[in-house]
Amino acid sequence: GGESEEEGQRKKDALLAALPEVPDNWRVCADFAKKRDFDSAEVYWNRLLGEKEGGIAHVSQYFEYAVAHLTGHGNRRAAELLQMVVSFEPKDPRGYNNLALALENDGDYAGARQVAVEGLKHAPEHNGLNYNLGKLLLDEDNFAGAAAHFERAAMTDPGNADIHFYLGTSLRQIPGRESDSELAYAMVNKIDKKYVLRYINTDTNDQYWEFVKDEQEILHNLTQHEGPACSSNLCRLKDIVSELRETETTLSFIGDRQLDGRKAQLRTGYMKHSFAYGSTFYQSWLKVIDTELMRGAAAHARETGQVYAVLGSSIGWHVFYGALSWDLPARGWEILCSQVDISTKQVEKHLGGSPMKERILFQCLDALQANLEGVHILILAFSRDVNLGVVLNQKMADQLAPGALVVAWSRILDAQPEFERAAVYKVAVSWSQNWGMYVYRRK
């Protein structure tokens with residue numbers, strides 16, 4: 001066996017204690033902190049305090065050291081250091097603002113709100129404090145209070161697109177303030193025409209519209225022979241895709257989604273990236289479904305009455321792609337209810353008079369609550385934190401029958417012994433031009 005945790009800690013302590021003496025403890029401390037080697041930084045920080053009269057460093061050193069921890073996600077230590085900053089300079093809003101951020105990041109939302117309120121007593125117009133308090137108030141559905149703070153922040157920082165975005169988002173929730181919300185969103189677009197793209201992709205902002213154009217042309221070419229009265233599954237899919245593309249590039253959609261995602265994060269404790277948004281272009285999906293492996297799986301599902309399903313169905317993309325391309329009954333499970341509302345409305349609007357209306361079902365559920373029995377093709381269309389991934393992997397192993405396929409946006413099932421990798425496809429998605437879609441088969 002390996003060494004015990006206690007033995008490992010003793011070795012680590014010995015290495016830290018052996019760090020060399022230096023003439024400038026603060027400079028070396030700051031260098032280690034910037035490299036996120038906080039264990040070594042703490043050794044030199046303590047040596048620095050030992051040099052100081054009363055064991056107290058300069059307030060600027062506390063602040064810089066705290067910001068390094070904040071940047072490195074050491075939120076609890078950052079909060080301890082920023083408490084010192086606030087005690088030394090109780091009228092400086094920067095200490096309060098960063099302390100509120102550290103507390104919020106550490107999960108102490110009540111403490112963060114209290115600190116922000118206290119800081120605003122000393123600096124009522126501080127844009128950072130107003131902005132951050134506004135976001136904290138959104139978590140409580142205090143939309144009027146949030147809007148008031150965003151408006152105050154916008155007065156002192158009028159060129160900040162983030163402030164106007166959250167102002168528009170909060171105003172949108174207040175009856176009678178819809179036109180004010182639209183004005184705020186218009187200001188966002190005036191400041192940054194590509195602002196909305198940061199929420200739907202990261203690497204392909206400049207190519208996004210080219211992919212959308214290609215998508216529209218492909219769907220047009222596939223359906224043009226059917227004429228203007230076309231009611232086939234592909235014609236209905238073409239209309240759905242067009243409407244969803246328009247929806248995903250509106251600030252109102254992104255704003256509602258941010259509110260819903262933030263609340264879900266607080267409710268579940270899942271990591272922030274678990275609620276990130278992205279979409280896959282239809283031409284990319286074709287590279288996956290138009291293969292012998294996937295066509296065979298779809299045929300088997302039809303013959304045996306099994307289901308096609310999507311975990312993390314978002315606003316319906318992959319559910320509609322698979323169900324309408326393969327003529328399969330489909331289920332979409334999504335944790336954000338605002339997204340389920342959008343996909344359900346697409347069913348009502350575009351699938352009326354079609355048998356598919358009764359064969360496609362969306363539910364607002366945590367992935368862990370979904371019943372995967374009877375699913376032959378499962379799409380994992382969301383990012384997961386490590387703890388959720390382990391539990392969900394075992395759930396899939398327990399509930400999916402041998403031969404079932406799982407399509408994932410990561411290699412998450414490589415380590416799960418009940419699955420084997422069947423294929424990998426490289427495709428363009430809204431956040432990357434060359435992303436891997438991994439297909440696994442239940443053994």
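Guide: Happy to, and let's begin with R77, which counts as partly exposed at 23% relative accessibility. Keep in mind that this is a predicted model.

Visitor: What makes R77 partly exposed rather than buried?

Guide: Buried means under 20% and exposed means over 50%. R77 has 23%, so R77 falls in between and is called partly exposed.

Visitor: What makes R77 and E80 a salt bridge?

Guide: The rule asks for a side-chain nitrogen of Lys or Arg within 4 Å of a carboxyl oxygen of Asp or Glu. R77 and E80 meet at 3.1 Å, N to O, so the pair qualifies. Both residues lie in helix 5, three residues apart, which is about one turn of the helix. E80 has a relative accessible area of 44% and is therefore partly exposed.

Visitor: How do you know that D31 and R27 are separated by about one helical turn?

Guide: They are four residues apart in helix 2, residues 25-34, so about one turn separates them. D31 is partly exposed at 31% relative accessibility, and R27 is partly exposed at 47%.

Visitor: Why is the pair D180 and R177 called a salt bridge?

Guide: The closest N and O atoms of D180 and R177 are 2.6 Å apart, and the cut-off is 4 Å, so the pair counts. D180 is partly exposed, with 28% relative accessibility, and R177 is partly exposed, with 27%. Elsewhere, salt bridges that share partners join E42, R77 and E80 into one network.

Visitor: How many salt bridges does the rule give?

Guide: The count comes to 24.

Visitor: Back to helix 5, then. Why are helix 4 and helix 5 called roughly antiparallel?

Guide: Helix 4 (residues 59-71) and helix 5 (residues 75-88) pack at an angle of about 155°, with their axes 8 Å apart. Angles over 145 degrees count as roughly antiparallel, so that is the label for this pair. As for handedness, helix 4 passes helix 5 in a left-handed crossing.

Visitor: Which residues make that contact?

Guide: From helix 4 you have V59, Y62, F63, Y65, A66, H69 and L70. Helix 5 puts in N75, R77, A78, L81, L82, M84, V85 and F88. Sorted by type, the residues of this contact are twelve nonpolar, two polar and one charged.

Visitor: What makes helix 11 roughly perpendicular to helix 14?

Guide: The axes of helix 11 (residues 178-191) and helix 14 (residues 251-268) cross at roughly 105° and come within 11 Å. The range for roughly perpendicular is 65 to 115 degrees, so helix 11 and helix 14 get that name. Y185, V188 and N189 of helix 11 meet L251, S252 and G255 of helix 14. Those residues divide into three nonpolar, three polar and no charged.

Visitor: How do you know that H318 is buried?

Guide: H318 has a relative accessible area of 8%, and buried means under 20%, so H318 is buried. H318 lies in helix 17, residues 317-326. Leaving aside residues up to four places away in sequence, H318 touches T280, W285, Y308, V310, I379, A381 and W409.

Visitor: And L413, which sits in a loop: why is L413 called buried?

Guide: L413 comes out at 0% relative accessibility, and the limit for buried is under 20%, so L413 counts as buried. The loop in question runs between strand 5 (405-408) and strand 6 (419-429). Again not counting residues up to four places away in sequence, L413 touches N393, M396, V406, F419 and Y440. For a sense of scale, the C-alpha atoms of L413 and S170 are 40 Å apart, and 243 residues separate the two along the chain.

Visitor: Zooming out, what share of the chain is buried?

Guide: Buried residues make up 51% of the 443 residues. The chain has 20 helices and seven strands, and its C-alpha trace spans about 85 × 65 × 35 Å along the principal axes. Among contacts between residues at least 6 apart in sequence, 64% join residues at least 24 apart.

How values were computed: Residues numbered from 1 in each chain as written. Predicted model: local features only at pLDDT ≥ 70, side-chain atom pairs only at ≥ 80, totals over all residues. Heavy atoms only, no water. Helix = DSSP H or I, 4+ residues; strand = E, 2+ residues; numbered from the N terminus. Buried < 20%, exposed > 50% of the residue type's maximum accessible area, 1.4 Å probe, protein only. Contact = heavy atoms within 4.5 Å. Axes fitted to C-alpha atoms, helices over the stretch in contact; angles between N-to-C directions. Parallel < 35°, antiparallel > 145°, perpendicular 65-115°, else oblique. Left-handed = near helix turned anticlockwise from the far one by under 90°. Nonpolar A, V, L, I, M, F, W, Y, C, P; charged D, E, K, R; others polar.
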